Amino acid sequence: MPQAEKWLVAGCTALTVGLFAAALLASDRAAQVFFDNASWTLAFSLSAFLAWRGRVQASVMDHSLHNGLLLGALLILAGQLMWNVQVATDWNPFPSPADALFLAAGPVWALTVMRVTFQRIAPDRVYPASLDFGGAVLALLAVTLVVYVPSGELNTLLVGAVMVLYPVSFLTAASVTALAVPSVGVRWRLSHGLIIAGMVCYGLSWMHWNLLALHGELAPGSWFNGLFSLAALALGWGARYFQAELSNDAAYRHRCEQVVNLVPLATMLMASATLWLLFAAAGARSVVYALILGCCLLVLVLAALRQAIVVSLLDRLRMAEAAILRNEEQLYHVAHFDTLTGLPNRRYFEDALDQAVQLAVQQGSQSGQCVAVLLLDLDHFNNVNETFGHRTGDKLLVEAAKRIADHLQGRGFLARLGEDEFMVMLARSHTRNEVAQLAASLVESFMQPWLLPGVGAQFVGASIGISLFPDDAPDALALVRNAHTALHATKDTGRGTYRFYIDEFTRQAQGRQALRRRLHQALQAGELSLEYQPQVDRRQQLVGVEALMRWRLDGRMVPPDEFIPIAEASGLIVPLGRWVFETACRQAAVWDAAGFVVPVISVNISTIQLREPQFAQSLLALVHEAGRAPADFVLEITESELLDESLYAAAVDLRHMGFALSIDDFGTGHSSLIKLKRLPVGELKIDKAFVSDICEDANDREICATVHALARTLQLEVVAEGVETQAQFDLLVGMGCHRFQGWLFAKAQPPETLQAQWLQRAGARQPPQGNEHDAMDACI
């Protein structure tokens with residue numbers, strides 16, 4: 001809080017207390033009335049000022065809530081000013097214009113909180129929350145009526161309604177605010193307690209004021225009159241520092257759900273207590289009795305209906321979960337096993353290898369065991385496909401898998417990586433000699449003729465690359481990579497044999513260190529740029545672009561898969577990511593100013609960026625600064641990152657601000673379909689690893705088809721990346737894919753090239769973007 005504001009608030013607070021003390025000490029009734037009204041006017045003015053200051057300092061996400069607080073405080077101040085005029089003119093009807101202004105404050109705040117709450121909670125929680133709010137309001141109405149029943153003075157409907165609405169409106173606002181905190185999962189702050197306390201104090205103060213008025217005991221210059229000023233100050237201080245920040249703590253959110261589940265019980269207990277007080281009261285009119293009884297019965301009905309809805313939702317969730325589990329098992333089998341041979345595929349193998357390496361690390365070097373990886377490739381397998389057809393080739397692969405499995409006799413873990421590559425893992429090898437003996441016997445077994453139906457005996461040998469942990473590689477990923485290197489060396493020096501990996505990449509490691517040092521100066525040196533790769537629809541018309549960062553270093557282009565991991569590991573991804581998004585925003589503004597139709601721009605977002613405080617607000621500020629809208633951008637987040645529970649709140653904030661969210665590289669992570677169902681995303685982006693072999697690999701086709709079926713169920717769009725051939729495009733179109741991206745249409749290109757070849761001016765007809773042959777030539 002600025003120093004000038006502190007002095008102003010302190011001075012006004014002291015003057016409010018002084019005027020209240022003067023009202024207590026004054027002996028003349030007219031002076032007491034004057035000091036009371038002066039104290040209230042100053043307190044209500046200070047409350048409105050603090051609410052306005054809170055609105056100025058609030059984030060964009062909290063503006064609507066602060067607007068409601070400010071409007072409520074201004075209505076109370078306007079009501080007090082009108083009351084001063086009535087007192088000065090000795091005109092004091094009941095109800096009066098001042099009462100209308102006072103009564104409007106509570107509903108304004110309550111409706112604001114309910115509207116924001118319904119915007120932020122999940123759709124399936126809207127009806128239970130509505131019933132909770134309705135039950136709380138009816139319970140408060142019944143309690144208030146019971147309090148007024150003993151007076152027996154509610155002789156007209158208008159007077160009774162106004163007297164009841166005073167406490168009910170403010171207590172409703174307080175209860176709605178209190179219920180909104182656990183319903184949405186907002187982090188509890190002192191400002192929330194002050195706002196609720198101020199609303200409660202307003203409601204109880206006006207309830208007591210009305211009771212005193214009914215019994216003719218209302219008097220100026222009493223201690224009770226200070227409660228209105230106290231409520232105003234509490235509400236003002238709460239509004240000054242109010243924030244509705246969603247909590248990322250899973251334990252806190254679980255406690256919030258428990259509190260929400262207890263709300264129907266609380267309203268039922270309140271209704272039951274009200275019924276007891278009703279029958280204990282004497283002298284009430286039958287109409288009031290009927291109204292109170294009706295409110296209590298409605299509370300009980302709403303609570304029962306709410307619980308019935310919750311039970312119905314739970315039943316549907318259990319049924320959906322059972323169906324999802326069945327689909328998950330099928331998807332798991334499709335994603336982890338080869339459809340041709342029935343062997344585990346690459347993903348399953350890499351998981352098993354990682355576990356074996358971790359176990360070897362835990363056992364330590366004293367066990368004397370190592371983990372060996374043998375990568376086996378059939379020699380000249382393409383000749384079989386070209387000569388006898390793919391069906392014969394598939395039979396050969398099935399027979400090869402059987403021959404390897406029979407030869408291993410359970411001594412290793414066998415998987416098919418794709419095409420004619422097989423991987424064997426030995427988790428209990430002791431020496432290179434044992435591994436070499438197995439490799440030699442495998443090579444020898446493949447020298448035996450293959451008796452294939454319809455083609456006679458064929459001779460297809462095998463080449464093997466071998467890598468061992470911990471001698472050749474420090475982890476599972478390096479083991480597989482080194483086995484590939486050894487296999488390539490085997491093919492280069494002569495097929496039909498095996499070869500161990502030899503570490504020859506020291507210079508590459510040193511090169512990565514140098515690359516890390518240069519990356520620190522890349523942004524300031526102007527070495528980074530953005531290129532944009534078009535995304536097209538089924539008619540190959542432009543519907544979006546993906547912004548891709550490029551780094552030109554000393555005349556050569558550094559591949560993104562080299563420097564992006566370095567940037568993430570060193571923390572540079574945060575400033576680099578901000579630069580990418582800011583540059584894309586500026587480029588969109590430039591295209592728009594030049595009269596071009598600007599497509600939706602996809603931008604990749606890292607987990608490290610998502611964990612940054614105020615990340616969503618910073619993106620929104622960049623968008624507004626460029627004069628764009630959040631809906632103009634799609635934020636691509638990788639599957640494994642978006643499924644992280646701790647990042648769910650950040651993703652929800654981005655979605656509420658208007659950004660579209662996309663799951664990038666879908667299928668490469670370990671998806672939980674239950675989590676996927678509740679993610680605030682609009683599209684899935686199939687990883688190019690599945691698209692590249694979709695025409696040849698039945699396994700990849702099954703995965704792509706399953707992803708499309710899943711997307712249709714969840715009402716998500718599907719984007720395929722890495723489309724390089726017309727055959728791939730035709731297959732994906734048949735599966736129902738919505739958007740496509742890849743070299744078949746265009747590579748990533750500078751903004752000037754994209755503008756010249758793809759962008760259209762506003763109002764112009766969309767010309768064809770080239771034909772199939774042009775696209776194929778671009779790929780070649």
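These legends describe an overview and several close-up views of one predicted protein model.

Residues are numbered from 1 along each chain as its sequence is written. In this predicted model, local features need pLDDT of at least 70 and side-chain atom pairs count only at pLDDT 80 or more, while totals for chains, interfaces and linings use all residues; side-chain values use heavy atoms, with hydrogens and water left out.

Figure 1. Helices (H or I, at least four residues) and strands (E, at least two) are DSSP runs, numbered from the N terminus. Of the 780 residues, 49% count as buried. Buried means under 20% relative accessible area, exposed means over 50%, and partly exposed lies in between (1.4 Å probe, protein chains only). The protein exposes about 36,900 Å², and carbon and sulfur atoms supply 59% of that area. Accessible areas come from the Shrake-Rupley method with a 1.4 Å probe; for residues, only the protein chains shown count as cover. A contact means heavy atoms within 4.5 Å. Among contacts between residues at least 6 apart in sequence, 72% join residues at least 24 apart.

**Figure 2. Glu-5 is a buried residue of helix α1.** The helix covers residues 3–25. Glu-5 has a relative accessible area of 5%, so this residue counts as buried. Leaving aside residues up to four places away in sequence, Glu-5 touches Phe-49, Leu-50, Arg-53 and Arg-240.

**Figure 3. Strand β1 is covered on both faces.** Nine of the nine residues of β1 are buried, so the strand is largely enclosed by the rest of the structure. On one side lie Cys-370, Ala-372, Leu-374, Leu-376 and Leu-378. On the other lie Val-371, Val-373, Leu-375 and Asp-377. β1 pairs with β6 in the antiparallel sense, over eight bridges. Two strands pair if DSSP finds at least two bridges between them. Val-371 has Phe-469 of β6 as its bridge partner.

**Figure 4. A cis peptide bond joins Phe-469 and Pro-470.** Its omega is about 5°. Most residues other than glycine have a negative phi, and most peptide bonds are trans. Pro-470 sits in the loop between β6 (462–469) and α15.

**Figure 5. Helix α15 runs from residue 476 to 493.** Its 18 residues, at 1.5 Å each, should span 26 Å, and the end C-alpha atoms are 26 Å apart, which agrees. The expected span is 1.5 Å times one less than the number of residues. Asp-475 caps the N-terminal end, with a side-chain oxygen 3.3 Å from the backbone nitrogen of Leu-477. The buried residues of α15 include Ala-476, Leu-479, Ala-483 and Leu-487. Just after the helix, Gly-494 takes a positive phi of about 130°.

**Figure 6. His-380 and Asp-554 are non-glycine residues with positive phi.** For His-380, phi is near 55°. This residue lies in the loop between β1 (370–378) and α12 (381–388). His-380 is partly exposed, at 48% relative accessibility. For Asp-554, phi is about 55°. The loop that holds Asp-554 runs between β9 (542–553) and β10 (556–558). Asp-554 is exposed, with a relative accessible area of 64%.

**Figure 7. Helix α22 is largely enclosed by the rest of the structure.** Eight of its ten residues (648–657) are buried. They are Tyr-648, Ala-649, Ala-650, Ala-651, Val-652, Asp-653, Leu-654 and Met-657. Gly-658 follows the helix, with a positive phi near 115°.

**Figure 8. Strand β14 pairs with β13 and with β15.** β13 (residues 660–666) and β14 run parallel over three bridges. Here Ser-662 has Glu-683 of β14 as its bridge partner. Four bridges join β14 to β15 (residues 717–721), also in the parallel sense. Here Ile-686 is partnered with Ala-720 of β15. Both faces of β14 (residues 683–686) are covered. Glu-683 and Lys-685 are buried on one side, Leu-684 and Ile-686 on the other.

**Figure 9. Cys-737 is buried, at 0% relative accessibility.** A disulfide is a pair of cysteine sulfur atoms within 2.5 Å. By this rule the count is zero disulfides. Cys-12, at 18% relative accessibility, also counts as buried.

Terms used. Polar contact = N/O pair within 3.5 Å; in protein donor to acceptor, adjacent residues only side chain to side chain.
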